[in-house]
Amino acid sequence: MSYYGVGDGWCFSCGGFAGHVKLMFINGVALEPVPPVTPVGMGKSTRGLELESMDDIDEGQIGAWMKQVASVPGVGGRKR
């Protein structure tokens with residue numbers, strides 16, 4: 001899994017696995033709508049998606065979540 005941040009905190013992570021790609025938003029519970037997947041072992045507030053094919057990608061929704069998550073404090077970051 002690779003982690004990405006904006007400012008001084010981590011916002012989201014992604015990783016490729018056999019059969020799917022996982023996209024996780026560190027403060028996903030703060031997003032509207034809340035992403036559907038609650039990952040195991042990534043913290044209580046993390047939510048995301050597991051994408052099995054290109055057909056599973058909703059660019060508009062993923063872009064909206066990325067904008068939202070970049071506007072809230074990330075893990076290890078200061079409050080904005």
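**Cysteines.** I looked up the cysteine sulfurs of this predicted model and found that the sulfur of Cys11 is 13 Å from the closest cysteine sulfur, in Cys14, which is too far for a bond. A disulfide is taken as a pair of cysteine sulfur atoms within 2.5 Å. The structure accordingly holds zero disulfides. I then checked burial, where buried means under 20% relative accessible area, exposed means over 50%, and partly exposed lies in between (1.4 Å probe, protein chains only). Cys11 counts as buried because its relative accessibility is 2%, whereas Cys14, at 25%, counts as partly exposed.

**Conventions.** I note that residues are numbered from 1 along each chain as its sequence is written, and that side-chain values use heavy atoms, with hydrogens and water left out. Since the model is predicted, local features need pLDDT of at least 70 and side-chain atom pairs count only at pLDDT 80 or more, while totals for chains, interfaces and linings use all residues.

**Core.** I next listed the largest nonpolar core, which has 10 residues: Cys11, Phe12, Leu23, Phe25, Leu31, Leu49, Leu51, Ile62, Trp65 and Val69. Such a core is a set of buried Ala, Val, Leu, Ile, Met, Phe, Trp, Tyr and Cys residues joined through side-chain atoms within 4.5 Å. At least two residues of this core come from each of β2, β3 (20-25), β4 (47-51) and α1 (59-70). Of these, α1 gives the most, with three residues. Helices (H or I, at least four residues) and strands (E, at least two) are DSSP runs, numbered from the N terminus. For Val69 I recorded contacts (heavy atoms within 4.5 Å); Val69 touches Cys11, Phe25, Asn27 and Leu31, leaving out residues up to four places away in sequence.

I searched for salt bridges, defined as a side-chain nitrogen of Lys or Arg within 4 Å of a carboxyl oxygen of Asp or Glu. The count comes to one: the side chains of Lys22 and Glu50 meet at 3.5 Å, N to O. Lys22 lies in strand β3 and Glu50 in strand β4, so the pair ties together parts that are 28 residues apart in sequence. Lys22 is buried, with a relative accessible area of 17%, and Glu50 is partly exposed at 38%. I also examined His20, which is found in strand β3. Its C-alpha atom is separated by 6.2 Å from that of Glu50, 30 residues apart along the chain. Beyond four places in sequence, His20 touches Gly15, Glu50, Leu51 and Glu52.

**Loop between β3 and β4.** I inspected the peptide bond from Glu32 to Pro33 and found it cis, with omega near -15 degrees. In general, most peptide bonds are trans. Pro33 lies in the loop between β3 and β4, and Ser45 is found in that loop as well. Ser45 counts as partly exposed because its relative accessibility is 25%. The C-alpha atoms of Ser45 and Val29, 16 residues apart along the chain, are separated by 5.3 Å. Outside four places in sequence, Ser45 is in contact with Phe25, Ile26, Asn27, Gly28 and Val29.

**Surface.** Finally, I noted a nonpolar surface patch of about 500 Å², made by Met1, Tyr3, Trp10, Phe17 and Val75. Patches are made of residues with over 30% relative accessible area and no salt bridge, with like charges joined within 9 Å and nonpolar side chains (Val, Leu, Ile, Met, Phe, Trp, Tyr) within 5 Å. Accessible areas come from the Shrake-Rupley method with a 1.4 Å probe; for residues, only the protein chains shown count as cover. Trp10 lies in strand β2 (residues 9-17) and counts as partly exposed at 45% relative accessibility.
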